[in-house]
Protein chains: 2
Amino acid sequence: MFEEFTKELARVAGEAILPYFRTTLEVENKGEKSPFDPVTQADIAAEKAMRALIQRTFPAHGIIGEEFGETNPDADYIWVLDPIDGTKGFICGLPTWGTLIGLTHHGKPIYGMMHQPFVQESFYGDGLTAYMRSPFGTQQLKTRACATLQAAVLSTTSPHNFAPQELEKYLAVEKKVKFVRYGGDCYAYALLAAGQIDLVIESGLAPYDIVPLLPLLEGAGAIVSTWDGQPATKGGRIIAAGDKRVYEEALAFLNT
Amino acid sequence: MFEEFTKELARVAGEAILPYFRTTLEVENKGEKSPFDPVTQADIAAEKAMRALIQRTFPAHGIIGEEFGETNPDADYIWVLDPIDGTKGFICGLPTWGTLIGLTHHGKPIYGMMHQPFVQESFYGDGLTAYMRSPFGTQQLKTRACATLQAAVLSTTSPHNFAPQELEKYLAVEKKVKFVRYGGDCYAYALLAAGQIDLVIESGLAPYDIVPLLPLLEGAGAIVSTWDGQPATKGGRIIAAGDKRVYEEALAFLNT
């Protein structure tokens, strides 16, 4: 029901963001110094564009966004927006950041999308099914089977994002896996849904970092929770796995 | 002179690789187990396609490739090929790997390209100038000014790629920088050329991992060498910087 509208939100966000992507050259060429901050400018422009479209189309809906906080937070339907998830990747010019758009109904995430406007691809789902769409086609998402941590591909954006006590627990898991890939940002969750990655472990997430991803993760069969097994909707320390066996083996290290 | 031909090599490599990208789902769906290895299959298919095109067009030229070794290595012109640089990124389904294509004349790198067929963009140069081309346009590449390590954005693919003694030196630099971004693969060098990243430090590179990148790095004004200040053409421990001041400050830590 909200698929076409979410696609439109993603489109207007991408149009707002792309003029700021990889703009260092222009800034240098103009001889300008700070305080021009392309990622903040892009974040603000994209959230403004999405908010305007939501308020025009569904004036009764609420919005929670990274840049402008809460609007109408007691509404039945709430849009949860993170215009640029993965700001360091964005700053470096890497195509690994994404626009996150989620919709909750009475607090339950019912639709979500990760959109990458430079790559021109989206990952989206409604908790029951999930898909990815790129210039190369559309495909249903399904996590892959993985029996043990030893066989698992792990991803986290950076080990520097963990507090010291968290890092110790995280490293206990990292030592067990087949290999770890850093620098995934929101792509790590999307690619776990796509059956390319088995395990994502992060900490310090805001609700808008994870809520929009839950319907596509769960629609692809993933298990997502906090490190102590609670619902992921409030953010914080998050574990996502494609196979329950890997989830439980990792959780034993994290929840100690 | 070799620009159009290199573009054609990149095109045939991309066509050979993309059918293998993000194929876990199909493999799982067919109920197949190992030994199907999409990245090796894609590597082989792309190098075969590039070799065939080179041998048909320039039969006197030599070739050095990751998968099939050396052909006619005493030729004046040698093509240096790495069909998939960034295999872990490829395995995870991330769009951060690239096809590297270089050309040397009497051992000197004279043309080079990094091509990402899923994102549909290329970074290329001839040692004097460099460009990036994507569906969003073509732009000349130029490294950005950066006065100190403290102001520098550093990238390396993974700290796990360093040997213990190397890691100690690398971390001495990492502690000084503004921030570090992991998981860059060949994109880190391309984006250093684009003025988005200030410093890349890696080790254990093969010649085909770096030779194709030298003409675009140098064409954008970057400084590239081994950690002990020798030419980068043989690979090994590599440092690349966009500003000589950052290069020298980092080199003092690495070359001890």
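Colleague: How many of the nine residues of strand 5 of chain B are buried?

Modeller: This is a predicted model, in which local features need pLDDT of at least 70, side-chain atom pairs count only at pLDDT 80 or more, and totals for chains, interfaces and linings use all residues. Residues are numbered from 1 along each chain as its sequence is written, chains are lettered from A and ligands numbered from 1 in the order in which they are written, and side-chain values use heavy atoms, with hydrogens and water left out. Strands (E, at least two residues) and helices (H or I, at least four) are DSSP runs numbered from the N terminus, and buried means under 20% relative accessible area, exposed over 50%, partly exposed in between (1.4 Å probe, protein chains only). Strand 5 of chain B, residues 108–116, is mostly covered, and its buried residues number seven.

Colleague: Which residue is the bridge partner of Thr104(B) in strand 5 of chain B?

Modeller: Two strands pair if DSSP finds at least two bridges between them. Strand 4 (residues 98–105) of chain B runs antiparallel to strand 5 of chain B, and seven bridges join them. In their hairpin, two residues lie between the strands, and His106(B) takes a positive phi near 50 degrees. The partner of Thr104(B) in strand 5 is Pro109(B).

Colleague: Which residue in the turn between strand 5 and strand 6 of chain B has a positive phi?

Modeller: Strand 6 (residues 121–125) of chain B pairs with strand 5 of chain B in the antiparallel sense, over five bridges. One of the bridge partners is Gly125(B), which faces Gly112(B) in that pairing. The hairpin has four residues between the strands, and the residue with a positive phi of about 65 degrees is Gln120(B).

Colleague: Is Ala206(A) buried or exposed?

Modeller: Ala206(A) lies in the loop between strand 11 (199–205) and helix 7 (207–210) of chain A. Its C-alpha atom is separated by 16 Å from that of Glu47(A), 159 residues apart along the chain. Because its relative accessibility is 16%, Ala206(A) counts as buried.

Colleague: Why is helix 6 of chain A described as largely enclosed by the rest of the structure?

Modeller: Just after helix 6 of chain A, Gly195(A) takes a positive phi of about 75 degrees. Within helix 6 (residues 186–193), the buried residues include Cys186(A), Tyr187(A) and Leu191(A). The helix is largely enclosed because its buried residues number eight of the eight.
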